[in-house]
Amino acid sequence: MPRRDAVSWNTLIAGYSSLGSSTRLALAAFREARGSGIQADRFTYAAVLAACGGARDGRSGRAAHGLAVASGLARDAFLTNSVIDMYAKCGMIDEVRLVFDRAEERDEASWNLLLSAYVRMGWPEVAVHVLVWMHRSGVKLDSFALGGILKVCSELEGSEDLRRMLHGCVVKVGLDLDMFVGSAMVDMYAKNGGLEEAIKVFDCMPNQNVVVYGAMIAGFARLGNDPCPEVRIEAVRLFSNLLRMRIKPSRFTFKSVLEVCNLTDAVSCGRQIHAHVIFNGFQDDEFIANALINLYSKARSVNDSLRCFHMTPKQDVVAWTSMITAFTHDENFEKALYFFIEFLSIGKEPDQFTLSSAMNACAALSLPATCKQLHCYTVKSGLDQFTVCGNSQIAMYRNIGDVKASKKTHEQITCLDTYSWSSMVLTYAVHGHENEALELLQKMKDCGVIIDNTAFLAALIACSQQGLMDEGFRHYESMISDFGCSPSAKHKACIVDLLGRVGKMAEAEDFIMGSGSENDPVLWRALLRACRIHGDKERGIRTGEKLMDLEPFAATSYVVLYNLYMDAGKVSLAMRTRGLMRERGVSKETGISWAESGGSIRHFADGDSSCQQNNAVHARLEDLLVRVKQRTECGGTDVWELGFQSRKAVESSLGRHGELLAVAFGLSTLPSVAPVTVMKNQRISLESHETLKLLSGQENRGIIVRDPTHFHRFDQGSCSCRDYW
């Protein structure tokens, strides 16, 4: 342009400013305009201040403000508003208030900008004071300011009166039908449990758009875990109405309705919504992908979760964590740890939730060395300060039998929550430290900590293991009447176990029939265990037949019932049970035991002695058993019913018990001071149990065997289960 005036330069500067990323060019144009002798006006400064605010460049913005003051234009309300907006975007709240207080001219925009500045800073209390000040000064509120303060006040807890006051203010100024303000009100009520008020606001709004629908659906997703599924599923009906009105859902709407499907286990509905996600082209959204991963994970459809993960171009830490959690939930713990290692190998940084999920997978596998490595990594990364990591660490060490490490972790957590306490109580209970468990439960009550179902379960386990029938029933009744907790099948099974442990089988059976869970196999298995230990064959057979009806495809039920018939001399019924098992195609799961050493995991299958690499382990176990036999052959212990009179008999017996081989492997490879930890996927046999008691005394080593129902801590010839398992 041969001739450039102020308007030309203002247009150029405003153009650069609107691009957002061209702040440097806007400032360069401003300097060039001043250098060419152009007299800057209020529009010039407004454009420069907008560029500085968009780039969060407070230093350049302060310089532009100084030039505006020097030129005498800063007294104008228009420019004052630009300065306030610039400082607000730069987070310089003190300068915002100083400019506002010293302004010679203020208009409604000035007040609304001040209010928005405090909203932007996340200071709802101060914003409310400004709102009251505006009302008393007779300033008219606009939808932008009101929508902002409604949004920030939605984060305040216990402020019902404030929310109602703001609602009244909205109605009074006539903005209750405004879409922006209306969606903010719906969001405010829904976030704070005011679902009825949110629905009323939603129903009163004409021409609801996708923003209002999204806020309402998100309200149902934020209800927490208390509401019944029938209430939550109303969000799906709203989503259906949105589609019927031909309103295109947003990413936020899809994410919210998928969260509702996740919370209500509505997998079929979630699959249909997934189809709409693909149809609308949102399958690459990481937030929607995470919701889909979690949805399919809860349905135990981990392959679908994995497909959603691979379809997401931006695989952030949340997506990886969701996938690790999905594998853990599907009990594919080795795959979960593999995914965690792959996550680290590509250079990504885990957060506290990623490490928590990895710890849960490691705990389920009972891998002591890997658990300690995870602990070290957590400390090194500084994430051990988070309570969620500490809680998972307590459970992790509980599952490998390290009570001392669990206790130390509990003591180091700076912000203990209910789960921290409950997890430690459970650790004491399952490892035979019943007194400590009950003492810690009492300490929870004394400290005012909310007692949850996990803590009561631990208390019932502790009472059961010590045979404290009266105290056990007192805790059971207290959780219902005093704390309003609904007992689960596990709580009821503890009561059955408690009654069975003290020999009250009839009372245990009566309790099952009156518990409301008479068709839950967990309770009947507890009664069957008591019948087996106390020799109540008739009741045991009746219980076994009940279990076979409840679990027609569970091999354990057939095997137990077969053994009960044989013990009672009812051979024909035993043969009929075996034949029924074959007819139904039920096969007994192979017993697998495993132990960790040197960063690797060795598996030992019951009845499998074909593997050549097990020869050394067989030889080690044979040597251990021979030495134990020499020491105890005068003791008359039942373990020698195995019959170790010849090498052939020894090898035959060894091949049947993979847990003994796993223990021998651990004794051979681990340091002499380290306890041996073994996992087994089936209940430990009587022969192995008695043998390991003797081995623990002979070798002066702690031996921990974890089967699906119990932790067995063998130490100096005794077991923490007190021979009741």
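Me: How do α10 and α11 lie to each other, roughly parallel or antiparallel?
Reply: α10 and α11 are roughly antiparallel to each other, which is the label for angles over 145 degrees, while under 35 counts as roughly parallel.

Me: And what is this built on?
Reply: This is a predicted model, where local features need pLDDT of at least 70 and side-chain atom pairs count only at pLDDT 80 or more, though totals for chains, interfaces and linings use all residues. Residues are numbered from 1 along each chain as its sequence is written, and side-chain values use heavy atoms, without hydrogens and water.

Me: OK. At what angle do α10 and α11 cross?
Reply: Roughly 165 degrees, and the axes of α10 (residues 160–172) and α11 (residues 179–191) come within 11 Å. Axes are lines fitted to C-alpha atoms over the stretch in contact, with angles from 0 to 180 degrees between N-to-C directions. Helices are DSSP runs of H or I, at least four residues, and strands are runs of E, at least two, numbered from the N terminus.

Me: Which residues of α10 and α11 meet?
Reply: On the α10 side they are Arg-163, Arg-164, Leu-166, His-167 and Val-170, which meet Val-181, Met-185, Met-188 and Tyr-189 of α11 (contact is heavy atoms within 4.5 Å).

Me: What about α9 and α11, at what angle do they pack?
Reply: About 10 degrees, with the axes of α9 (residues 143–153) and α11 9 Å apart. That makes α9 roughly parallel to α11. From α9, Ser-143, Phe-144, Leu-146, Gly-147, Gly-148 and Leu-150 make the contact, and from α11, Phe-180, Val-181, Ala-184, Met-185 and Met-188 do.

Me: Different stretch. How far apart are the axes of α32 and α33?
Reply: They are 9 Å apart, and α32 (residues 521–534) packs on α33 (residues 537–550) at about 155 degrees. That makes α32 roughly antiparallel to α33. Pro-521, Trp-524, Arg-525, Leu-527, Leu-528 and Cys-531 of α32 are in contact with Arg-539, Gly-540, Thr-543, Gly-544, Lys-546, Leu-547 and Leu-550 of α33. The α32 and α33 contact has 7 nonpolar, 3 polar and 3 charged residues.

Me: Now pockets. How many residues line the second largest pocket?
Reply: 27, and Asp-402, Ala-674, Pro-675, Thr-677 and Ile-704 lie nearest its centre. A pocket is an open set of points on a 1 Å grid over the protein atoms alone where a 1.4 Å probe fits, with protein on both sides within 12 Å along at least five of seven lines, and lining residues have an atom within 4 Å of a point.

Me: Which helices and strands each supply at least two residues of that lining?
Reply: Helices α23 (368–381) and α25 (403–412), with strands β1 (592–597), β4 (703–706) and β5 (711–715).

Me: And the classes in the lining of the second largest pocket, how many of each?
Reply: There are 12 nonpolar, 8 polar and 7 charged residues in the lining of the second largest pocket.

Key
Nonpolar A, V, L, I, M, F, W, Y, C, P; charged D, E, K, R; others polar. Parallel < 35°, antiparallel > 145°, perpendicular 65-115°, else oblique.
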